[in-house]
Amino acid sequence: MTTDAPYKMTLSLNVLNHLGLNLYSNVPSVLSEVVANSYDADATEVRIDINPADDSVIVQDNGSGMTEQEVNERFLTVGYQRRLDPHQAVTPRGRRVMGRKGIGKLSLLSIAEEVEVFTSKDGQKSALRMDVSDIRRQIEQSGGTYYPTPIDKDLVDFDRGTKIVLRKLKKGLANTASALRKRLARRFSVIGAEFDFRLFVNGNEVTIEDRDYFHRLQFVWTFAEQAESARILARCKNAESTTESGPGTLQSGRVTGWIGTATNAGRLRDEDGDNLNRVFLMVRGKLAHEDLLEEISDTSMYSTYLIGEINADFLDVDEREDIATSSRQKIVEEDPRFQELLTWLKQQLRTVKNSWSRLRNDQGIAVAVQNPLIEDWFESLQDAPKRRAATLFGKVNEMPIGDAEKRQVFAYLVLAFETLRYRENLEILDTVEAGDIALLLSIFQNVEDLEAALYHQIVKQRLSVIKALEDHMDLNSLEKVLQKHLFENLWLLDPSWERATDRHMEERVGKSFASVEEKLTEEEKNSRIDIRYKRVTGSNVIVELKRYDVVVDSTKLMQQVDKYRNALYKYIEDSGVSGPVEVVCVVGKDLSDWTSTRAKNESANILAAKDIRVVKYDELLKDARASYGEYLDRATEIGRIRAILDSLTDSSFDDVDDA
């Protein structure tokens, strides 16, 4: 390459690897940087076109564009800081620019093998191509200089603006146009006609509504001027109650935004599997931190219902040190400005928590008294007992369970409440925190009648599950039927597996572990895991199911599950999470190499070395039935409590539902 080449970039392989190839991990993050550059170029329109047929993405804006000199001095200069020039820090339209570090353009190389740039300004047109393999080769040969390939300027068929074409995408076009629209909408707060900055994906305009979470909110607390609060609340059409306050005034600057809570925690997982239980931080109209909640240690039940957006432009002012991380997705947490923001947010969340509890208490009472028997009972209470009952109903209402389950819990608690009142021990209710049913009812462990009734109910339910699984085996059900049954009743595999922090059923390894896709073999990418979840203790568990009449040997079984284990270990190592990996293989028949007791023991030892164990359906059901059947055989008479419980959970609620 001659030194008189029109385009020139200077950088080291270390910079390329850390700030280019490894800076971002997905298409939306990279396209966000391109959109931010268009905003800084005073564009009023940005159009993104996804072309799955040729595996390319085109981003074109009508911004100021660049001359050839500006392409070299700004676009191809790694670390160019336009804010150091006071004439560049604010655009002609009066926009305070988003870019600061001058490394965002390198993010293009993290998802595409080839990047083409077409730009036009003041009658000057420029066009160039960057190729990752050529960049590596030229940098190694020249000690840090790369000369992008000039391409035909006649391809620049517009008078003003910039077009970027990403080809040979490394990550593939996993995001559909609708999913990309959603993710981009969540990354910017300055899109739309009101900001004179419109964004389109495959011809469809991206709007604030594409964030797809306002309809999930039940309560909203705003921190904004009256007009902005009104706009926020107008989007939350399903919110039943709202509380408004003005912007937060901190020593470092002003904070605006909102905090909301969903009807239930499950509503904060969208159709694509994204977890929306976050508080997003926006700075200068762009996402600066993906989740402020992770910086706040709050394990209260209410925190699982939270979502919000906070705007804090004071975290990025030209005259102060830049406190954003290189990836622009987080803030350096030690900075005093960020710590002040977190302190303010914690105070607001305490207010939200108290207000939310009062609102949920009122709702809890309304749900509970739908049963006329409970309503009569509640109205008969006086003063302190009534207040305790109202609080308890509210805490039940906080639990992430369905209405049918809540109504049963309300019935249980009425009986427990009366028993504790008789024993003059109602103050124990003050220590109750909302949680799952077992946790909430554990305070009544000394109420013998209630405990017997509840256990009787659980045993009946579990024996019905065992019976249903036996029926499936008699029919030699396919793996999918057995898979769903075990997925919903993990206690069949192990009594200690009552709950999981994260559960997945029938997932393709390549899709689930996309972040380490390049490290996976083709066999690992294409394999499927029947059931995967993480136990409360931190262990990662894989369940491999075989149809009841299928016979395999130990070697083949080990080969089949090894690909899942290896893929999961690569993901664990890459993401920095901890915990061992266990594999449970559920089979209907003895393994073919279990020809003797000694052979079976040898097989078990070999599999155990890799944390693999084999469970037979017959043994699984036999053990489960033995655990629960003996109790029912003896518990033929459970007394007065059982009769009352049946009355509350069956006939009374049926009457209400039929009304």
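Predicted model: local features only at pLDDT ≥ 70, side-chain atom pairs only at ≥ 80, totals over all residues.
Residues are numbered from 1 along each chain as its sequence is written, and side-chain values use heavy atoms, with hydrogens and water left out.

**The chain overall**

- The protein chain has 20 helices and 22 strands; both are DSSP runs numbered from the N terminus, with helices being H or I of at least four residues and strands being E of at least two.
- Of its 659 residues, 51% count as buried.
- Take the contacts in the protein chain with a separation of 6 or more: 72% of them come from residues 24 or more positions apart. Contact here means heavy atoms within 4.5 Å.

**Around Thr91**

- Thr91 sits in the loop between helix H4 (86-89) and strand S4 (112-121).
- Setting aside neighbours within four places in sequence, Thr91 is in contact with Asp40, Asp42 and Val97.

**The open sheet**

- Eight strands make up an open sheet with mixed pairing, and the order is S7-S5-S4-S8-S3-S2-S9-S10. Two strands pair if DSSP finds at least two bridges between them.
- The edges are strand S7 (149-150) and strand S10 (204-206), each with a single partner strand, so one side of each has no neighbour in the sheet.
- S4 runs antiparallel to strand S5 (residues 124-131), with 8 bridges between them. In this pair, Lys121 stands opposite Gln124 in S5.
- Helix H6 (residues 177-185) packs on the sheet and touches strand S2 (45-51), strand S9 (198-201) and S10; its direction makes about 155° with that of S9. Axes are lines fitted to C-alpha atoms, for helices over the stretch in contact, and angles run from 0 to 180 degrees between N-to-C directions.

**Helices**

- Helix H2 (residues 27-40) and H6 pack at about 55°, with their axes 10 Å apart.
- H2 and H6 are therefore oblique to each other (under 35 degrees would be roughly parallel, over 145 roughly antiparallel and 65 to 115 roughly perpendicular, with the rest oblique).
- Pro28, Leu31 and Ser32 of H2 make the contact with Leu180, Arg183 and Leu184 of H6.
- Over in helix H7 (residues 226-235), the buried residues are Ser229, Ile232, Leu233 and Arg235. They cover an arc of only 155° around the axis, which puts them on the same side of H7; the arc is taken from the directions from the helix axis to the C-beta atoms.

- Strand S15 (residues 279-283) is mostly covered, with 5 of its 5 residues buried.
- Val279, Leu281 and Val283 point one way from S15, Phe280 and Met282 point the other way, and all are buried.
- With strand S17 (residues 306-311), S15 pairs in the parallel sense over 4 bridges; Gly308 in S17 is the bridge partner of Val279.
- With strand S16 (residues 286-289), the pairing of S15 is antiparallel over 3 bridges, and Val283 stands opposite Lys286 in S16.
- S15 and S16 form a hairpin with 2 residues between them, and Arg284 in the turn has a positive phi of about 55°.

Technical notes
Buried < 20%, exposed > 50% of the residue type's maximum accessible area, 1.4 Å probe, protein only.
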